[in-house]
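Here's a quick look at one helix pair and a few charged pairs. Have the structure open as you read.

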Amino acid sequence: MQIREACHQAILQYEVETKQDTSPSRDLPGVVSASFEATSIPFSKLQLGKSIGVGTFGQVWAAEYLGATVAVKGAHLASLVHTEQTRSAFLEEAKLHVTLRHPNIVHMLGVSFQDDNVYLVMEYMPSTLFELLRQDKLSLKQRYAILVGVCAGMYFLHSSDPPVLHRDLKSLNVLVDAYGTQGKLCDFGLAVFKSQVRTAITSGKSIAPVASAVPAARVAGSVVGSYPWMAPETMQAKPFTSAADIFSLGVIIWELLSGKEPWEHARSADIIRQEVLAGIRLAIPNEVHPGFQQLVQQCWNPDPSARPSAKTVFD
């Protein structure tokens with residue numbers, strides 16, 4: 001089952017019906033686009049507005065930067081678990097994010113410092129996929145368009161040199177444009193290069209520690225991920241591979257096709273863990289195309305080596 005082939009006709013039909021261009025290069029008026037180069041940004045040029053969410057390390061605000069709307073993620077360095085390792089992890093997120101240039105990756109414009117605070121300045125996207133699905137505001141054709149974008153973003157990450165593992169892929173970390181047709185991956189606080197994972201596994205050292213209240217599992221000594229989207233091997237603290245990202249991608253595909261929240265009736269993370277480790281998976285609605293059903297089931301294979309690659313999913 002190929003995502004592009006399955007969604008192509010639906011997207012074309014959507015463009016005809018709405019007369020909208022779903023190409024990833026379209027910019028919204030007054031919003032900073034991915035054409036900006038990352039740089040050091042004086043804090044005096046930022047005007048923070050309302051809080052719009054919480055990232056891995058801190059608060060996220062809508063802000064104004066030289067007349068354009070941006071998103072700003074801030075953290076008080078001294079409060080990040082009071083360890084140099086965690087402070088370094090936040091700055092590593094900035095270094096990593098700057099290198100990720102793709103239409104389906106939220107673009108980071110620069111970094112700003114103010115006293116003990118550091119701010120990551122990023123392009124602004126008005127909604128998360130999680131929110132839009134809960135509000136039932138997306139047509140099936142819009143969901144197809146977003147699905148292609150999410151798969152393209154993961155293909156890019158896993159095809160980078162070296163490959164980048166997201167490690168917290170979920171609909172809350174997929175941002176959507178105002179037209180509801182373009183999805184972009186965000187929040188790389190847990191992301192690492194694949195080579196770092198191998199080094200951590202062989203050395204026994206932890207990588208990318210996280211300050212987070214989200215129920216999570218451990219990888220090579222680190223806390224990683226969110227249970228409703230988490231692969232079974234990650235729940236068991238086994239080494240994290242790109243296949244774990246693919247399992248999470250399968251959950252996002254399931255969300256887009258079903259419109260439902262994963263494990264919404266589970267009362268605790270422990271229940272989700274018990275179900276997944278017992279081989280139980282989210283129920284795929286009967287009305288979902290058989291090809292998509294097969295793809296999601298492949299992404300959820302209990303054997304990580306049997307899951308498709310991001311390239312296979314996208315192609």
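At what angle do helix H7 and helix H9 pack? The angle is about 150°, with the axes of H7 (residues 242-258) and H9 (residues 290-299) 8 Å apart. That makes H7 roughly antiparallel to H9 (over 145 degrees counts as such). From H7, Ile246, Phe247, Gly250, Ile253, Trp254 and Leu257 meet Phe292, Leu295, Val296 and Cys299 of H9, where contact means heavy atoms within 4.5 Å. The residues of this contact split into 9 nonpolar, 1 polar and no charged.

A word on the source: this is a predicted model, where local features need pLDDT of at least 70 and side-chain atom pairs pLDDT 80 or more, while totals for chains, interfaces and linings use all residues. Numbering runs from 1 along each chain as its sequence is written, and side-chain values use heavy atoms, leaving out hydrogens and water.

Now the charges. The whole structure holds 6 salt bridges (a side-chain nitrogen of Lys or Arg within 4 Å of a carboxyl oxygen of Asp or Glu). Among them are these:

| Salt bridge | Closest N and O atoms |
|---|---|
| Glu123 and Lys184 | 2.8 Å |
| Arg143 and Asp136 | 3.4 Å |

Glu123 and Lys184 are both buried (under 20% relative accessible area; exposed is over 50%, partly exposed in between, with a 1.4 Å probe and protein chains only). Arg143 is buried at 10%, whereas its partner Asp136 is exposed at 57%. Lys311, at 42%, is partly exposed.

Note on methods
Axes are lines fitted to C-alpha atoms, for helices over the stretch in contact, and angles run from 0 to 180 degrees between N-to-C directions. Helices (H or I, at least four residues) and strands (E, at least two) are DSSP runs, numbered from the N terminus. Angles under 35 degrees count as roughly parallel, over 145 as roughly antiparallel, 65 to 115 as roughly perpendicular and the rest as oblique. Ala, Val, Leu, Ile, Met, Phe, Trp, Tyr, Cys and Pro count as nonpolar, Asp, Glu, Lys and Arg as charged, and the others, Gly among them, as polar.
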